[in-house]
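I opened the notebook today to look up some aromatic side chains. Here is what I wrote down along the way.

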Amino acid sequence: VFNGSSNSASDLRNTTKLPAALVPEYQKMLGSNPNARLSPAQFLESAYFAENSYVQSCLFLDSITIKEDHEKEAFFRELPGVIDAMPKAAALYKFLPQLVTAIDFGSGNARVVPSAMKVAATMGSDEFQAVVAPSLVKWYSLS
């Protein structure tokens with residue numbers, strides 16, 4: 001993900017593009033002793049993923065339908081700041097569709113709109129009209 005495609009096993013040792021906090025765990029996955037290697041599950045339990053706001057936001061959105069209203073309220077209040085730090089492609093193709101769905105089906109509330117609009121501001125006009133505008137019109141007509 002960070003380094004692009006690998007052409008040889010030695011490419012796996014290149015950690016220059018990995019976040020520094022992931023390097024120790026990543027290197028444990030590449031150890032020559034199979035019994036001492038981290039499993040993928042253990043790697044995903046590292047502090048980097050547990051404390052990363054982008055990862056936590058993805059997990060929250062994936063389970064938004066079972067969250068309590070106060071949890072959704074807190075999440076959507078903090079989301080605009082998280083969006084600033086996430087990759088543009090993730091914001092457009094992971095978060096925006098889920099935010100639009102939250103607007104369409106009521107999993108969110110009025111706090112969803114600022115986050116959706118923040119992401120939508122990076123889109124072209126035609127894409128905005130096709131993806132976001134119909135949901136906003138529907139939501140405002142119901143208000």
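I began with Phe95, which I log as buried because its relative accessibility is 0%; buried means under 20% relative accessible area, exposed over 50% and partly exposed in between, with a 1.4 Å probe and protein chains only. This is a predicted model, so I kept in mind that local features need pLDDT of at least 70 and side-chain atom pairs pLDDT 80 or more, while totals for chains, interfaces and linings use all residues. Residues are numbered from 1 along each chain as its sequence is written, and side-chain values use heavy atoms, without hydrogens and water.

Next, I turned to ring pairs. Rings of Phe, Tyr and Trp (its six-membered ring) pair if their centres lie within 6.5 Å, and planes under 30 degrees apart are stacked, over 60 edge-to-face and the rest tilted. My count by this rule is five aromatic pairs. One of them is Tyr54 with Phe95, tilted at 35° between the planes and 6.1 Å centre to centre. I noted that this pair bridges 41 residues, from Tyr54 in helix α4 (residues 53-62) to Phe95 in helix α6 (residues 88-105); helices are DSSP runs (H or I, at least four residues) numbered from the N terminus. Tyr54 itself is partly exposed at 27%.

I also looked up Phe75 and Phe76, an edge-to-face pair with 5.2 Å between centres and 65° between planes. Both are buried. Phe43, Tyr48 and Phe49 went down as one aromatic cluster.

Beyond neighbours within four places in sequence, I listed its contacts (heavy atoms within 4.5 Å) as Leu12, Thr15, Leu18 and Phe43.

Methods:
Helix = DSSP H or I, 4+ residues; strand = E, 2+ residues; numbered from the N terminus.
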